[in-house]
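Dear colleague,

I am passing on the structure below, and I would be grateful if you could look through it alongside the notes that follow. They are meant for someone opening it for the first time.

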Amino acid sequence: MEQKIAFYLRSSMEQNEKLRNSNNPDESDTIANQRKLLYKVALTKGFDKEQIVEYVDDGHTGVNFDRPAFKQLISDVDDGLVAVVMVKDFSRLGRDYIGVGEYVEQYFPARGVRIISINDDWDSNEHVGETLELDATFRTMIYDMYSKDLSAKRKSANQARHKSGIFIGAFVPFGYKKDPDDIHQYVVDEATAPIVKRVFQMFLAGEKIGNIAKVFNDEGVISPARAKEELHSYEAVTKNADLWTSRAVGVILRNELYTGTLILNRYSIKELKSNVCVKNDESEWVKFPNSHEAIISMEDFNKAQKRLSVGRRIEGDANCELFFQPLSH
């Protein structure tokens with residue numbers, strides 16, 4: 001069985017047009033630069049280009065290891081499909097210096113995988129049985145400290161923006177899209193806003209939430225998850241992205257954003273290395289009425305809340321991606 005030469009490339013840059021690869025707009029420029037460096041070194045070392053396979057996490061933070069391409073890489077290593085892992089530097093593997101050290105010093109060597117970090121001047125074939133050199137260890141510690149410091153600064157900046165009524169989310173609610181002239185503003189999405197209106201109309205006419213989902217599925221109405229994928233080029237939202245669920249309908253019915261009211265600071269990330277999103281107390285929410293075009297009148301929204309209050313509560317809880325831009329590091 002021929003084993004792979006695995007290139008692992010990662011970037012957590014925000015989706016800024018100035019940072020996109022001009023030859024491939026769906027890819028960040030930093031990924032293209034990493035690829036160029038890795039190929040140059042790999043060919044210099046005599047690796048067969050035909051064996052090279054890329055694992056790319058573009059737009060994923062390095063503060064944890066919950067990344068799709070990284071998890072696929074680890075799965076392939078476990079299956080014995082990988083002989084060499086190459087990265088630009090250890091920060092591409094991650095910014096958690098303890099976790100990176102465990103992978104480099106224990107996990108990969110135990111599976112006979114050679115690890116090469118170009119900028120750290122580290123090739124495990126030249127350091128058999130050794131731990132990471134002192135300078136490399138310090139670098140990974142600095143990466144970790146940098147991430148924590150950046151996270152604190154980003155949180156402070158986000159709070160300031162919230163108070164000013166500036167939307168900073170990575171994704172917008174179903175029924176809206178980002179204003180192409182100002183990414184901090186919502187505009188009505190003509191393709192999906194009528195679906196939001198229909199949800200409220202059916203519910204206020206007495207239809208049950210589960211029946212609304214069933215009708216939409218029978219009719220093949222585009223779901224919020226599928227719309228998110230298409231609007232944001234965002235993959236793997238859910239295994240059943242095309243399906244409407246009672247929860248999806250409930251989220252729409254409980255979202256006051258559809259009345260034109262921008263609500264900020266509803267959720268926060270519990271800690272740096274966790275994706276756990278917690279709902280803040282309502283006293284911490286910041287509301288800005290008439291912030292954007294309404295899809296639903298306040299009168300109809302309030303009627304829907306009254307009907308919901310007498311039925312089983314359906315939570316529209318946290319998808320952190322809706323409220324936070326990825327960290328740029």
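On the α6 side the contact involves F200, F203 and L204, which meet D300, F301, K303, A304, R307 and L308 of α10. Sorted by class, the contact of α6 with α10 holds six nonpolar and three charged residues, and no polar ones.

Helix α6 also packs with helix α7, residues 209–219, where the axes come within 10 Å and cross at roughly 135°. These two helices, α6 and α7, are likewise described as oblique to each other, but their crossing is right-handed. The residues that make this contact are I195, R198, V199, M202 and F203 from α6, together with I209, I212, V215, F216 and E219 from α7. By class, the contact of α6 with α7 comprises eight nonpolar and two charged residues, again with no polar ones.

A further point concerns H292, which lies in the loop between β13 (286–288) and α10. Is H292 buried or exposed? Its relative accessibility is 10%, and because buried means under 20%, H292 counts as buried. Leaving aside residues up to four places away in sequence, H292 touches Y176, Y186, L257, G260, T261 and L262.

Finally, a word on confidence: the mean pLDDT of the chain is 77, and 69% of its residues reach 70 or more. Over residues 160–165 the pLDDT is below 50, and this stretch has 13 contacts in the model beyond near neighbours in sequence. Residues 313–329 also have a pLDDT below 50, with 75 contacts in the model beyond near neighbours in sequence. Where pLDDT is low, the predicted coordinates should not be read in detail.

Technical notes. Residues are numbered from 1 along each chain as its sequence is written. This is a predicted model: local features need pLDDT of at least 70, side-chain atom pairs count only at pLDDT 80 or more; totals for chains, interfaces and linings use all residues. Side-chain values use heavy atoms; hydrogens and water are left out. Contact means heavy atoms within 4.5 Å. Helices (H or I, at least four residues) and strands (E, at least two) are DSSP runs, numbered from the N terminus. Ala, Val, Leu, Ile, Met, Phe, Trp, Tyr, Cys and Pro count as nonpolar, Asp, Glu, Lys and Arg as charged, and the others, Gly among them, as polar. pLDDT is the predictor's confidence in each residue, from 0 to 100. Buried means under 20% relative accessible area, exposed over 50%, partly exposed in between (1.4 Å probe, protein chains only). Axes are lines fitted to C-alpha atoms, for helices over the stretch in contact, and angles run from 0 to 180 degrees between N-to-C directions. Angles under 35 degrees count as roughly parallel, over 145 as roughly antiparallel, 65 to 115 as roughly perpendicular and the rest as oblique. A crossing is left-handed if the near helix is turned anticlockwise from the far one by less than a right angle, and right-handed if clockwise.
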